[in-house]
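Here is a friendly walk through one protein model, helix by helix and then charge by charge. Please keep the structure open beside you as you read.

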Amino acid sequence: MNGKQRMVEQSKQWLSEALIELTKTKDYQDISITEIAQKAELSRKTFYHSFKNKEAVINYLCDQLFDQYFQKLVKQEPQIGEAMLNTTFDIFLNFWWQQRSIIRLLIQQGLFDHMNEIWQKKAVPRYNQFAAPWHVKGTPKQVAYVMAFQLGGFTNILRLWLGQDSPEAPEKIKDLMLLAARQLADSLNPQKN
């Protein structure tokens, strides 16, 4: 990355941080481009060199979050049985716990569903990079359905969990998720019952 590219990336980062700061005290819909640029101590011209509009700033922020999350997810070693699920839940819950203030703001500002759409688009192409034993091998359409099913569960957990004033510790949520996964697996295997 050359100096100009680094400066463009730094400007994007400052602008996204400025928008997040502004959403702490003001409705997203009421925040102007000028306010974002001023908060970032940049010009409107710099804003428009970096982003088309406010939605593009949110897209950038979500892209950054998902890239960081996927980097952690794909680093885990394949494991057998419940161990892989346990590790995956740990990574998921601990990562988003660290980002809980941003997630809470997105929920409060009515932007969480937008984040979910971005996540779905980013997750499908990365599906095979993460070698989970529960992944379905199939057509792109089948994979998209499976990802919608899985991500729907994950994002609804985030919405319920981190949308609270006092969310539970990640370990407590992981225990609930593992219990639900065990019950689902047991219900599919009547010989165990």
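The buried residues of H6 pack against helix H1 (3-23), helix H4 (54-74), helix H5 (82-98), helix H7 (112-126) and helix H8 (140-162). Helices here are DSSP runs of H or I with at least four residues, numbered from the N terminus, and contact means heavy atoms within 4.5 Å.

Before going further, a word on the source: this is a predicted model, in which local features need pLDDT of at least 70 and side-chain atom pairs count only at pLDDT 80 or more, while totals for chains, interfaces and linings use all residues. Residues are numbered from 1 along each chain as its sequence is written, and side-chain values use heavy atoms, with hydrogens and water left out.

**Helix H6**

Which residues of H6 are buried? In this helix, residues 100-108, they are Ile102, Ile103, Leu105 and Leu106. They lie on the same side of H6, because they cover an arc of only 160 degrees around the axis; the arc is taken from the directions from the helix axis to the C-beta atoms. On the face turned away from that buried side sit the exposed residues Ser101 and Gln108. Buried means under 20% relative accessible area and exposed over 50%, with partly exposed in between (1.4 Å probe, protein chains only). Just after H6, Gly110 adopts a positive phi of about 70 degrees.

**Helix H1**

At its N-terminal end, H1 is capped by Asn2, with a side-chain oxygen 3.0 Å from the backbone nitrogen of Lys4.

The buried residues of H1 include Leu15, Ser16, Leu19 and Ile20, and the buried residues of this helix pack against helix H2 (33-39), helix H3 (44-50), H4 and H6. Ser16 deserves a look of its own: its relative accessibility is 3%, so it counts as buried. A polar atom of the Ser16 side chain lies 3.0 Å from the backbone oxygen of Gln13. Setting aside neighbours within four places in sequence, Ser16 is in contact with Val57 and Tyr60.

**Salt bridges**

Side chains of opposite charge can pair when their charged atoms come close. A salt bridge here is a side-chain nitrogen of Lys or Arg within 4 Å of a carboxyl oxygen of Asp or Glu. How many salt bridges does a search of the whole structure find? The search finds nine, among them these:

| Pair | N to O distance |
|---|---|
| Glu21 and Lys24 | 2.7 Å |
| Glu35 and Lys26 | 2.5 Å |
| Lys122 and Asp63 | 3.6 Å |

Glu21 is partly exposed, with a relative accessible area of 36%. Both partners of another pair are also partly exposed: Glu35 at 22% relative accessibility and Lys26 at 29%.

Now for the bridge between Lys122 and Asp63. Lys122 lies in helix H7 and Asp63 in helix H4, so the pair ties together parts that are 59 residues apart in sequence. Lys122 is buried, with a relative accessible area of 19%, whereas Asp63 is partly exposed at 26%. Lys122 and Asp63 also belong to a network of salt bridges that links them with Asp67 and Arg126.

Conventions: Helix = DSSP H or I, 4+ residues; strand = E, 2+ residues; numbered from the N terminus. Polar contact = N/O pair within 3.5 Å; in protein donor to acceptor, adjacent residues only side chain to side chain.
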